[in-house]
Amino acid sequence: MDHRYDAPGERDYPVAEPDLAEEQNAHLTAALRGVRDAGAAPPALRDLARKVLGGRLELKDVLDDPSGYRVLTDGISTMRESWRSMAPQDRQAVRARVEERAAEADGAAGGAGRVR
């Protein structure tokens, strides 16, 4: 698995939100890893994902903090605009890569890495 950590000693923990089911936590962890590793994601959003995965920040704290909320909404807005500007064949290629990664994660996690 390719982890692109920027800081020496940076860790990657699965998300374990007590209010979520195990499958939801697995899906959230995979999504955060995807954001962290996405070169096209804004740096502030990637950093936020690193902090949550590194156990330095809880998800509830991200949503309660105005700067965390701003990073999330700005990041999502930027990614939405990038998606809308892509050619249909490029979107399909992205979908295929996501499905391929999900299938790999599903196989590695014994079926727990994906929620349908």
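Does lysine 51 count as buried, partly exposed or exposed, and what is its relative accessibility? Please go on from there to the salt bridges and the helices around them.

Modeller: This is a predicted model, and in it lysine 51 counts as partly exposed, because its relative accessibility is 32%. The side chain of lysine 51 meets that of aspartate 47 in a salt bridge, at 3.5 Å from N to O, and aspartate 47 is likewise partly exposed, with a relative accessible area of 32%. Because these two residues lie four apart in helix H2, about one helical turn separates them.

Elsewhere, salt bridges with shared partners join Asp12, Arg33, Arg36 and Asp37 into one network. Within it, arginine 36 meets aspartate 37 at 2.8 Å, N to O, and it also meets aspartate 12 at 2.9 Å, N to O. Arginine 36 counts as buried because its relative accessibility is 1%, under the 20% cut-off, and aspartate 37, with a relative accessible area of 16%, is buried as well. Aspartate 12 is also buried.

Turning to the helices, H1 (residues 22–37) and H2 (residues 43–53) pack at an angle of about 140°, with their axes 8 Å apart, and therefore H1 is oblique to H2. Their crossing is left-handed.

Definitions and conventions. Residues are numbered from 1 along each chain as its sequence is written. This is a predicted model: local features need pLDDT of at least 70, side-chain atom pairs count only at pLDDT 80 or more; totals for chains, interfaces and linings use all residues. Side-chain values use heavy atoms; hydrogens and water are left out. Axes are lines fitted to C-alpha atoms, for helices over the stretch in contact, and angles run from 0 to 180 degrees between N-to-C directions. Angles under 35 degrees count as roughly parallel, over 145 as roughly antiparallel, 65 to 115 as roughly perpendicular and the rest as oblique. A crossing is left-handed if the near helix is turned anticlockwise from the far one by less than a right angle, and right-handed if clockwise. A salt bridge is a side-chain nitrogen of Lys or Arg within 4 Å of a carboxyl oxygen of Asp or Glu. Buried means under 20% relative accessible area, exposed over 50%, partly exposed in between (1.4 Å probe, protein chains only).
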